[in-house]
Amino acid sequence: MRDETLFFGDQLAAILRALPDPAFVLTRSGRYIAIFGGIDTRYYHDGAGLIGKCVHDVLAPDKADWFLQEVEHALHSHGLHIVEYSLAACDVQGLESEGPGQRLWFEGRIQVLDFAVAGEDAVLWVASNITARKELEVQLRMQSEIDALSGLLNRRKLLQVLAEHYDTFERYGTPLTALVFDIDHFKRVNDAHGHLAGDAVLQTTAEVCRRELRSTDAPARLGGDEFVVLMPHTSGEQAAPIAERLRQRVAEALQALGSIGAGVTISGGLAGFAAGDARGEDVLKRADDALYQAKRAGRNRICGMR
Ligand SMILES: Nc1nc2c(ncn2[C@@H]2O[C@H](COP(=O)(O)OP(=O)(O)OP(=O)(O)O)[C@@H](O)[C@H]2O)c(=O)[nH]1
C-alpha cells in the first residue's frame, strides 16, 4: 500500500471516492456537474450517468422542480440546508441498474459552494440513505395509532381525528355523526368459547367495518368490545341507515363464524356535533348515552338521532 509517496491530489480523489454517502455538485439551473462517493451498491445507485445532465432530464417535472427549489433555498440561506425526500430507481433516468430495488428515503444536506461551477452558483448536495430510519418511523407511528388486535385506529388516534373534525365543525359548521357500538353480551362469548374466540369476534367485527364503511369514516376500537365510527360530512338522518346496515352486516358475519358467533349482535348509539359542544369528545358522550338506551331497550339495535 502506498502512503507518503501518494500525490496529495490522488489522495484527495481517493478520499472523495470513499465518502460513504454520495455528494453531488449541482448548479443553480439543476445541472449535475460531479458526483463523489456513495459507492456501496447496497445503499446507492451509481449516479455517474447523471453527470452533465439536468434534473429535468432525469426526474419527473414536479420532482425536478422541487430539487431546483431546494437548491435555490440553500443558495439564499447561505447556511446548511437540510431536506428529506424519497426516490425510487425508476424515478431517475440514467442510473446504473445495480443498486437497491425499493423506494429509498434520503436526507439531503445541501451546502453552498463559494465559487462558481461551470459559470453558475452551485451547491454540494450530500444524499444520505435514511430508509431504515424512515421505515422504523412508519412502523412506530403505526404502532402508536393502530389497535394491534383489530387493525382499526386506536383510542389515541381516534381522539386526534375527532379533535380535527371538531375544529372544522367549529369553523365551518361541517356536520359529523359518531356511532359508538359494542358487542352484546360479549362476556358470554369469552366465557363460553374462550378468549381467542372472543378475539376472533372482535376481528370479524373490525373486518366488516373496513369493508362496509368509507375509508374516511375512521372506524376505531376504543378498547374491549367498544368501537367508534366517525362519519364526517354526514347528518344524523344520513348516518342512521349506514349504522343500521353495519349492525346487520356484523350480525351476518358473526353468524358465519359458526358456534362462537351464532346469535351474537351489536348495539349502537348515534350522535352528532351540536352547537354548544366544548370539545370533540362531547359527541362521544352523547353517542354513549344513546348506546346505553339501545342496551336498555333490548340490545341488537341502534338508538339516537331519529
Ligand atoms: N376476547 C377478548 N375479550 C376482551 C378484550 N377486551 C375486553 N374483553 C372482554 O370483553 C368483555 C366486555 O364485557 P362487558 O363490558 O361486561 O359487556 P358485555 O358482556 O358485552 O355486555 P353488554 O355490553 O351489556 O351487552 C369483558 O368480559 C372483557 O374481559 C379483548 O381484547 N379480547
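The legends below describe close-up views of a predicted model. Residues are numbered from 1 along each chain as its sequence is written. In this predicted model, local features need pLDDT of at least 70 and side-chain atom pairs count only at pLDDT 80 or more, while totals for chains, interfaces and linings use all residues.

**View 1. The two domains of the protein chain.** Domain 1 covers residues 8-137 and domain 2 covers 146-303; these bounds come from an automatic or database domain assignment. The C-alpha centres of the two domains lie 48 Å apart.

**View 2. The shell around the ligand.** The ligand is surrounded by 16 residues, and the closest are Asp184, Phe186, Lys187, Gly198 and Gly224. Two or more residues each come from strand E6 (176-183), helix H6 (186-193) and helix H7 (195-212). Helices (H or I, at least four residues) and strands (E, at least two) are DSSP runs, numbered from the N terminus. H7 gives the largest share, 4 residues. By type, the shell holds 4 nonpolar, 5 polar and 7 charged residues. Here Ala, Val, Leu, Ile, Met, Phe, Trp, Tyr, Cys and Pro count as nonpolar, Asp, Glu, Lys and Arg as charged, and the others, Gly among them, as polar.

**View 3. An open sheet of 5 strands.** The strand order is E7-E8-E6-E9-E10, with mixed pairing; two strands pair if DSSP finds at least two bridges between them. Strands E7 (220-223) and E10 (302-303) are the edges, each pairing on one side only. E7 and E8 (residues 226-232) run antiparallel and are joined by 3 bridges. Arg221 has Phe227 in E8 as its bridge partner.

View 4. Most residues other than glycine have a negative phi. Ala118 is exposed because 11 other C-beta atoms lie within 10 Å, whereas Ala218 is buried because 21 do. A residue is buried if 20 or more other C-beta atoms lie within 10 Å of its own, exposed if 12 or fewer, and partly exposed in between, with C-beta atoms placed from the backbone.

How values were computed
Near = placed C-beta within 6 Å.
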